[in-house]
Amino acid sequence: MGNKQTQAVVTRLAALEPKLGPDDVGVLQMLEQMMGPALHDVGRSEEALAYYKRVLAFAPDNTSVLNNMAYLLAEDLDRPEEGLPYAQQASELQPSNAQIL
């Protein structure tokens, strides 16, 4: 997805969030799972990190998010020591997954 397309997705997803109510927990969780990678793709790293953390609050064993956080912290935010525990956890959860950092 191109940067303009991804930015359009981010804008649309962000517009949905305030419209969700207390009964929309599942939808909110799906939205949060989509926002992290979308924000990461458009270079909004700190915001992406915040969404990744929100996802881990309800899905602490989400290896995709753990791996994405590790990469984001190490490569984009130059905080590899902070990202290492996330990479290790993802690797422990899926030791045979070659896509884990």
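The following dialogue explains how to read several features of a predicted model.

Q: What kind of model is this, and which conventions apply?

A: This is a predicted model, in which local features need pLDDT of at least 70 and side-chain atom pairs count only at pLDDT 80 or more, whereas totals for chains, interfaces and linings use all residues. Residues are numbered from 1 along each chain as its sequence is written, and side-chain values use heavy atoms, with hydrogens and water left out.

Q: How many helices and strands are there in the chain?

A: Helices (H or I, at least four residues) and strands (E, at least two) are DSSP runs, numbered from the N terminus. Here the chain has 5 helices and 0 strands, and its elements run α-α-α-α-α from the N terminus on.

Q: How is contact defined, and what share of the contacts in the chain joins residues 24 or more positions apart?

A: Contact means heavy atoms within 4.5 Å. Among contacts with a separation of 6 or more, residues 24 or more positions apart account for 47%.

Q: Is histidine 40 buried or exposed, and what is it in contact with?

A: Buried means under 20% relative accessible area, exposed over 50%, and partly exposed in between (1.4 Å probe, protein chains only). Histidine 40, in helix H2 (residues 25-41), counts as buried because its relative accessibility is 16%. Leaving aside neighbours within four places in sequence, histidine 40 is in contact with Ala48, Tyr52, Asn68, Tyr71, Leu72 and Asp76. Of the 101 residues of the chain, 34% count as buried.

Q: Where is serine 45, and which residues is it in contact with?

A: Serine 45 belongs to helix H3 (residues 45-58). Its relative accessibility is 12%, so serine 45 counts as buried. With neighbours within four places in sequence set aside, the contacts of serine 45 are Leu72, Asp76 and Leu77.

Q: How many salt bridges does the structure hold, and which residues are linked in a network?

A: A salt bridge is a side-chain nitrogen of Lys or Arg within 4 Å of a carboxyl oxygen of Asp or Glu. The structure holds 5 salt bridges, and Glu17, Glu32 and Arg54 are linked in a network of them.

Q: Which parts does arginine 54 tie together?

A: Arginine 54 forms a salt bridge with glutamate 17, with the closest N and O atoms 2.5 Å apart. Arginine 54 lies in helix H3 and glutamate 17 in the loop between helix H1 (3-16) and H2, so this pair ties together parts that are 37 residues apart in sequence. Arginine 54 also forms a salt bridge with glutamate 32, the closest N and O atoms being 2.7 Å apart. Glutamate 32 lies in helix H2, so this second pair ties together parts that are 22 residues apart in sequence. At 32% relative accessibility, arginine 54 counts as partly exposed, while glutamate 32, at 7%, counts as buried.

Q: Where do arginine 79 and glutamate 46 lie?

A: The side chains of arginine 79 and glutamate 46 meet in a salt bridge at 3.0 Å, N to O. Arginine 79 lies in the loop between helix H4 (63-76) and helix H5 (80-93) and glutamate 46 in helix H3, so the pair ties together parts that are 33 residues apart in sequence. Arginine 79 counts as partly exposed at 22% relative accessibility, and glutamate 46 is partly exposed with a relative accessible area of 47%.
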